[in-house]
Amino acid sequence: MFSPRSVPSSARMQQSRTPGRKSVSGAATGLQLSARRASLPARALLTSVPLSCRATPARLQSHAAAETISYDVQTFGSSLPVKVMEALTMADADDQISVRVTESSWAWMVCGERLIIWKICQAAVAKLSVCKELQLPSSEYDFTADVVAVTSTVPLEMAAAQSVSVLAVSAEGTARFWPCLAHEGNYTESSVDLGDLCNFVVAVRGGSFIVASVRSQLLRVSADSSGKLQCRALQQGQGVLSGIGRRVSSLFGILSPPADDVLHSVVWVGRTSCLYTLTSSRLSKWEVDDSSEHQILSWDTCKALNESIVESIWGSESSYGGLKSGANVAYLDMKLSQSGLVVLAAAWHPSDTPCLAYFCLATLHDDGSTISDQFTVQVTKYSCVFQVSEALQATRLLLPWSPSATAFLYNEELVFACSTGTSRATLPDEKINFTSPGDGIRGGGHCANLPVFFSLNSGLVVVVARESASILPETMEDSLCSSLAAAPEVSAVETPTRKAPVGQEDRTKLLKAAFLQFCRNDLVGAQTVTDELFPADGEAGAELDSVVTRINLDLIDDYPASDPRWAESVPEESAGFPLTSLIILHQLEDKMKAHCCFMDFLLQVGLLDQLSQVTVHSSPMATRLLLCEHAEKLQAAMVLKNHHTKHAELVNGAISMALQRRNVAVPPSLTVADVFFREVSQISSVFECLLEEEERSLKVNPVDSVQWAEVVLTINSIIKVTTVLCEACDQRGSQISLQTSGGVGGVRTIISRQHEIILRSVYPHADSQLRSALCEQLVVLLDMFLGSYVAQLTSLQKQRPSAAQQDRYNSLEMEYSQRRSELLTPLLELGQYQWVAVLAEKFCDFDILVQMCEQTDNQSRLQHYMAKFSDQNFSDFLFRWYMEKGKRGKLLSQPAAQHQQLASFLQAHQHLSWLHHIHVQDYQSALRTLYSQANMETRYFAKKTTLLALSKLTALASDLPEEELNKQVDDIVEQERFLLHQETLPRQLLEEKQLNPDTMPLLSAHNLIQLYICDDNRRANEYDFKKALDLLEYIHKEDSVDIDALKCEIFGKALRRDDLIKQTSPTFVSGVPLQTYLPEVKELLELDELSSLKSKPCFEFVLRANYEHYLQAQM
């Protein structure tokens, strides 16, 4: 770009070979950063000789030892090409010099209008290195390395000069393109219209380039087959949202940049084909392919980051509320790291005296189409006196692509090494000056995973951690060395190989030695040892878990042997990591730092992914889970120690009880706190004792005393802070351990018991103020308790599913639901609706929410929950709840907004759905439901009768076509006609058979016939037998009934009646075709039931005479 990076040159006109050359005011520069990771043995590129102070670069090697503590400055690669050294020697004093180094080992330098491009030779002596000089187009403004980019049809690491293309663009927009670096004189030149001054050029996919202006106008530039440049603009919000208005696009996080926005950085990530830009107000992202690009993100940095940055710097000030509105934040640069996007920002407050600009690093996590709300802000120890905001742009950011959290800020005078804040295991911040006569930094980049800078006096140099500088606490470093004095010398040559078996004790010592090498920044040496001890093929898998667990346990339970009070108490066999701090809290902090270093060591040497499981208390447990538990216990110990200072009597009583239960003696020279806090792995034993101390205090102290309430509030506070820190530690470890433990001493068990103590022993005797405080604390504890279940369930859900894993998940989910109800129900019963709502809403306890709304008769809140939890089927839960509780009136009186959901729910409850259909006047649906229910009803007569009657009413009320309506009504009437036979059964007969008309079962036609003709129907007349005959038509073939035999039975029963003449009267057979209705006389006479009548001489005569009479009457 065309903005000088130093304050003096930004204000003056340049007096060089191009008269009147200017600087682009207010613009920023940036470095291209690709995401390919280089090979590990990078130190082979470094040499080490002292740095001199000559104006012409020579191969100078290291800053004086007194100047740096934790870092070395060493030369990188082979000597600079002759053309580069010549250009520097001949450069005028006012010529602006800038250099760019890429991870593909290509570098270029802009000196005036000369552009020199060379391939860095990764060897101490250069052999055949490519170096070409190109002539830049004329411009009124200074060129910088940021407006030059190279690309190739093959990976640049392997590209020869013949396959490399170069594009350089002047500030005014004059673009010069060299299709082949090997032919310096062969180029094309054209003008690109940016509408502003150009400040960045980066190479992207498809052999094309992105050209950017100060005001964030982006062009895609590519060369056609003739070498002519073709340009087109990248539209803001382009892609699936293109063409929509600003108001709508803002919903998707994509907005056009403000008119005064200044572009500060452009980052191309080749492995994901993504382009990022950082302006003074926004961070944007594009997905780029060979021929098109789509903007998928535009994030408001001012809205999201400014407040966090200001709070990180001035948040501890008592007057922060007034200060934050006047603070200013400027964004300077952006790079990509393995932890995310890292943004360099500076903040200052005009009212400060002196007014200092503080430099911060914000690490953002790209979630694809959004930037996560979870980001870290690290305030570095680097600051400068604020003059003008443009001067801050001289400071830039360099991030090597490595797991390390070390970042480098630099300007023309210095390099500042610091941490991004994403890891606790880093070296101290340190400033490295380049202020020798004639020296200065003129650019850089990262190559071979190392930070490479261009020094005027020394050429290409790297800043690397000193071999002797360790990230461990100093006393631990000394102790670790002494503890390994008897161990075998560790080297790549002497380390035992796979063929020579190594005992576990030796493996432990060797892994400790490798850990020490790592802490001294010798990653190569540490990697070599670990590869030999635990090869990636997993041969020593179980032993690896055992060794790692033992070392980490030694770290957290180590004896502070340097403390003279412990001199007689340290076991002789304890050769671990002594910590000398006389203050217990400092000892715990040192242990935590050592634990974090050990975790980083396991990660970076590749052992963390090889860990499997260990056996703890006779049960298998993931090793990573156990390591996470160690960190949680360290956090818990530090919290408890802070409370020990404030509440010594309470905590001392608890830890004394814990030590007694473990049968641990306290030497005369030590306190109970010294002994207890030394063995961090047993820290959880104190929580149960704290609750017992609490219960003892509640019994001893009067209810109206201050101590009575204070002990409960203190215990709540201890549990709360401990659990919060354990939860944070747990998130780093991506596991669930101490806080999810349900055993003795586990946080869940403690919170559950504390819940019981508060509600049983404290709440009933507390005044309103204390009750309010208790409920507030209790809700926080329950939030942690239930949150631990959610985290554990989420963790299980992410793991590879298996039958056993699914069973475990289902069991845990059931336990979670049960415990949730048990803990929230007492609060509901106490009328703490506000707190109940908070927890029940967060953890989706729908039963509690419904009970609360019913108790408070708050229907509007119920409607709110139906909308809020619509994706979790809250409505269905509510409807089922009403069904189970028998509140069908409320179920069917839902507002219109819920009618569709209610209808869907009632599809499985058709005995109610017709009521809803009638309520909404959907009579056809009601008819279908009622008629279907009537046809399926086979048990109860009264119910079937009612359903048919309702079906007929809804049919008549519906708007069915007349023909369809008549058919439907006829079908219903026909069923009702059959049911009428059961409805008109004689009352005396029903009483004899003990049948209740309201509850009697639905009878078949055969059953009804038997009732009508049975002997119990003593008052039967010709009408009863007529009904029996009528019922014959309702007997179907599938009923397996002999109809002819049944006819004979009916007539036989009728003829046996005393009043024979009456029984054979015309009424009995009126309206019936007798030829098919009456049985043959012969069949009747053969009936056993008529044997007594056949002996009467007139019986057969009368019977035949009646037959003839009725048959002749129907002819």
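Author: What follows starts with the sheet and then moves along the chain.

This is a predicted model. The sheet has 4 strands, in the order β6-β7-β8-β9. Their pairing is antiparallel. In general, strands of a sheet pair through backbone hydrogen bonds, in a parallel or an antiparallel way. The sheet is open. Its edges are β6, residues 148–152, and β9, residues 188–191. Each of these two has a single partner strand, so one side of each is left without a neighbour in the sheet. Neighbouring strands here are turned by 20° against each other on average, with direction ignored.

Strand β7 covers residues 164–169, and strand β8 covers residues 174–178. The two pair in the antiparallel sense over 4 bridges. Where does Val169 stand? Val169 is opposite Ala175 in β8.

The sheet belongs to a chain with 39 helices and 30 strands. The chain has 1115 residues, and 52% of them count as buried. Take the contacts between residues at least 6 apart in sequence: 59% of these join residues at least 24 apart.

Another strand pair can be set beside the sheet. Strand β18 spans residues 328–337 and is mostly covered. Of its 10 residues, 9 are buried. Strand β19 spans residues 340–348 and pairs with β18 in the antiparallel sense, over 9 bridges. A hairpin of 2 residues joins β18 to β19. Ser337 has Gly340 in β19 as its bridge partner.

Pro354 sits in the loop between β19 and β20, the latter being residues 356–364.

Ser273 is not a glycine, yet its phi is positive, at about 55°. Ser273 is in the loop between β14, residues 263–269, and β15, residues 274–279. Is Ser273 buried or exposed? Its relative accessibility is 14%, so Ser273 counts as buried, the limit being under 20%.

Asp857 also has a positive phi, near 50°, and is a residue other than glycine. Asp857 is placed in the loop between α21 and α22, where α22 is residues 859–868. With a relative accessible area of 56%, Asp857 is exposed. The cut-off for that class is over 50%, which is why 56% qualifies.

Helix α19, residues 803–829, packs with helix α21, residues 846–856, at an angle of about 10°. Their axes are 11 Å apart. Angles under 35 degrees count as roughly parallel, and α19 and α21 are therefore roughly parallel to each other. Which residues meet? From α19 come Leu824, Thr825 and Leu828. From α21 come Ile848, Gln851, Met852 and Gln855. Sorted by class, the contact of α19 with α21 has 4 nonpolar residues, 3 polar residues and no charged ones.

Next come the cysteines. How many disulfides are there? The count comes to 0. Cys384 shows the reasoning on distance. The closest cysteine sulfur to that of Cys384 is in Cys355, 9.6 Å away. A disulfide needs the two sulfur atoms within 2.5 Å, so 9.6 Å is too far for a bond. Cys384 counts as partly exposed, at 23% relative accessibility. Cys198, by contrast, is buried, with a relative accessible area of 0%.

The last stop is Asp1024. Asp1024 lies in helix α32, residues 1022–1030. At 7% relative accessibility, Asp1024 counts as buried. What is Asp1024 in contact with, leaving aside its neighbours within four places in sequence? The partners are Pro986, Tyr1012, Asn1017 and Arg1019. Take Tyr1012 from that group. Tyr1012 and Asp1024 are 12 residues apart in sequence, and their C-alpha atoms are 5.8 Å apart in space.

Key. Residues are numbered from 1 along each chain as its sequence is written. This is a predicted model: local features need pLDDT of at least 70, side-chain atom pairs count only at pLDDT 80 or more; totals for chains, interfaces and linings use all residues. Side-chain values use heavy atoms; hydrogens and water are left out. Two strands pair if DSSP finds at least two bridges between them. Axes are lines fitted to C-alpha atoms, for helices over the stretch in contact, and angles run from 0 to 180 degrees between N-to-C directions. Angles under 35 degrees count as roughly parallel, over 145 as roughly antiparallel, 65 to 115 as roughly perpendicular and the rest as oblique. Contact means heavy atoms within 4.5 Å. Ala, Val, Leu, Ile, Met, Phe, Trp, Tyr, Cys and Pro count as nonpolar, Asp, Glu, Lys and Arg as charged, and the others, Gly among them, as polar. Buried means under 20% relative accessible area, exposed over 50%, partly exposed in between (1.4 Å probe, protein chains only).
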